[in-house]
Amino acid sequence: MAKPRARLEKLTLDKDLDKLSLAEEASHHVMRRLAAPGLALLFLLLSMAFAATYVTGSSGAAIVVAAAAIAGYMAMNIGANDVTNNVGAAVGAKAMTMATALGIAAVFEVAGALIAGRKVTLTIEAGIVDSGLIDPPALVWVMMAALISSAAWINIATYSRAPVSTTHSIIGGIVGAGMTAAGLSSVNWWALAGITASWSISPLLGGVVAAIFLAFLKEFIIYREDKIGAARRWMPVVLGVTAGAFTAYVAVFALVHVISLSSGLLIGLLTGIVCYVSSKPWIHRQSVGLDNRNQSLRKLFRMPLIFSAALLSFAHGANDVSNAIGPLSAIVSAASGAVSTEGARAPFWVLLIGALGISLGLLLYGPLLIRVVGEEITRLNPMRAFCVALATAVTVLLASALGLPISSTHTAVGAVFGVGFFREWYTRHSRRRLEYVRQKTGQADFMGSAETNFAEVRRRRLVRRSHFLTIIAAWVITVPASALLSAVVYLVLSGLFL
């Protein structure tokens, strides 16, 4: 009797332990899910407290403190949605882990915002609506409505796994609230027309430039008999172009109002030449002992890809932090009775909220869209991802030189699609690739297994069409959706406080 009773007690104890273990796992799961919202809420409270130390006692202090929290919320949404374009391709190519990508992007986003983001982007703060036609009290609520609506729209887009332009979102918000406050005449329609044009210009240019770079790599390095020799010959050229393009990109795009386009291009040219000369011995050392196969080429492209992701993050932090702090800076000015002008500079505390918010949003919520951009649109390796990063920088430079408005988000995602669609075309039409496959498989005629395998590959689709349609739809409706939502929010806020 004692043994069965002991056995029964042991089984009961085991079941109780299993239940306890399951309860602990469920508790940990819930805690993990609550950790991100909890940290986000803590950051918003700290933003309010931080703002309060600078504006307490001044006119409109309560409004500025509330706006600081909303600007922090907007900054986190920018980090969750927009920053993913800078590192998504590198993660998808497995050139770096998710943790490494998040760390690099967070550090360089903050560095770019604090070092080169001090100047408020005029288009965001005072170039979309004529602030002279709107009374300062009304302008406060216009910018508040724009922040709330654009942040909410970006949040919806992130949840829907659609990378959208945060610049377009905030501009749509300002347009909607501005028209509601002061009518159609308050909107700078030429600026809005340029934004509309960039819907198509940005992704098309990014896709074409990325496809050109990938075609070059395939023709001159990847599908050559001596891959290592071809890499030693052409990779210094590629790295020189990359270094020059990114230097000019940072100089012109990130250090806007500091370095002119011609000066930036000259600095980029000199940097490219120096990089070409210095990279030749480095490429030779790195390639010693590597096998003559594509896997070896991927190793050679890994470090340049990481470098390019860091520079893209720096430039993005310097430029797009204004999407969060531009309206906040305008609210700070309007609350004190001033009007935003071209020479306006954001206070440092405003800039700091934007910079830290972008990095925190990336760390908490960025992995979702990093996987979409880097892994789910099309398959990327370090060479393809390198083409995406290089195309983003070169396309923005080209558009700046031509005076065309452009979205860095649309450019980067368009480059990913461009790489995927070019691979589909190249697979179907490249004679060089067909000959390469035949040589590797030992087939000399058109009836062998190589031809059969090649025909099978030709039928594959290398770009996921569902993501393509979802992202295009999100791009098209971003400005009108933000504008409509902002108009509603402004009506509510003005009705309560004006």
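## Helix packing and buried sites in a predicted model

H8 passes H15 in a right-handed crossing. Helix H8 spans residues 189-222 and helix H15 residues 408-429; their axes come within 7 Å and cross at roughly 45°. That angle makes H8 oblique to H15.

On the H8 side, the contact is made by Ser 198, Trp 199, Ser 202, Pro 203, Gly 206, Gly 207, Ala 210, Ala 211, Leu 214, Ala 215, Lys 218 and Glu 219. H15 contributes His 410, Thr 411, Gly 414, Ala 415, Gly 418, Val 419, Phe 422, Arg 423 and Tyr 426. By class, the residues of the contact of H8 with H15 divide into ten nonpolar, eight polar and three charged.

When its neighbours within four places in sequence are left aside, Gly 418 is in contact with Gly 207 and Ala 211. Gly 418 and Leu 214 are 204 residues apart in sequence, while their C-alpha atoms are 9.5 Å apart in space.

### The chain as a whole

The chain contains 18 helices and zero strands. It has 498 residues, of which 53% count as buried. Among contacts with a separation of 6 or more, 85% are accounted for by residues 24 or more positions apart.

Helix H2 (residues 61-81) and helix H6 (residues 136-159) form another packed pair, with axes that come within 9 Å and cross at roughly 30°. H2 and H6 are therefore roughly parallel to each other, as angles under 35 degrees fall in that class. H2 passes H6 in a left-handed crossing.

From H2, the residues that meet H6 are Ile 63, Ala 67, Ile 70, Ala 71, Tyr 73, Met 74, Asn 77, Ala 80 and Asn 81. Their counterparts in H6 are Val 140, Trp 141, Met 144, Leu 147, Ile 148, Ser 150, Ala 151, Ala 152, Ile 154, Asn 155, Ala 157 and Thr 158. The residues of the contact of H2 with H6 divide into 16 nonpolar, five polar and no charged.

### Aromatic pairs

Across the whole structure, a search finds eleven aromatic pairs. Phe 216 lies in helix H8 and Trp 234 in helix H9 (residues 227-254), so the pair ties together parts that are 18 residues apart in sequence. Phe 216 is partly exposed, with a relative accessible area of 25%. Trp 234 likewise counts as partly exposed, at 26% relative accessibility. Elsewhere, Tyr 223, Phe 422, Trp 425 and Tyr 426 form one aromatic cluster. Of these, Phe 422 and Tyr 426 also belong to the contact of H15 with H8.

### Buried sites

Val 238 lies in helix H9 and counts as buried at 9% relative accessibility. Leaving aside its neighbours within four places in sequence, Val 238 is in contact with Phe 216, Leu 217 and Phe 386. The C-alpha atoms of Val 238 and Ser 279 are separated by 10.0 Å, and these residues are 41 residues apart along the chain.

Thr 378 lies in a loop, between helix H13 (348-376) and helix H14 (382-402). At 2% relative accessibility, Thr 378 counts as buried. Beyond its neighbours within four places in sequence, Thr 378 is in contact with Val 416, Gly 420, Arg 423, Leu 462 and Val 463. Arg 423 is also one of the H15 residues in the contact with H8.

The relative accessibility of individual residues is set out below.

| Residue | Relative accessibility | Class |
|---|---|---|
| Phe 216 | 25% | partly exposed |
| Trp 234 | 26% | partly exposed |
| Val 238 | 9% | buried |
| Thr 378 | 2% | buried |

Nine of the nine residues of helix H3 (residues 84-92) are buried, so H3 is largely enclosed by the rest of the structure. The buried residues of H3 are Thr 84, Asn 85, Asn 86, Val 87, Gly 88, Ala 89, Ala 90, Val 91 and Gly 92. Just after H3, Lys 94 takes a positive phi of about 60°.

Methods: Residues numbered from 1 in each chain as written. Predicted model: local features only at pLDDT ≥ 70, side-chain atom pairs only at ≥ 80, totals over all residues. Heavy atoms only, no water. Axes fitted to C-alpha atoms, helices over the stretch in contact; angles between N-to-C directions. Helix = DSSP H or I, 4+ residues; strand = E, 2+ residues; numbered from the N terminus. Parallel < 35°, antiparallel > 145°, perpendicular 65-115°, else oblique. Left-handed = near helix turned anticlockwise from the far one by under 90°. Contact = heavy atoms within 4.5 Å. Nonpolar A, V, L, I, M, F, W, Y, C, P; charged D, E, K, R; others polar. Phe/Tyr/Trp six-rings, centres within 6.5 Å; stacked < 30°, edge-to-face > 60°. Buried < 20%, exposed > 50% of the residue type's maximum accessible area, 1.4 Å probe, protein only.
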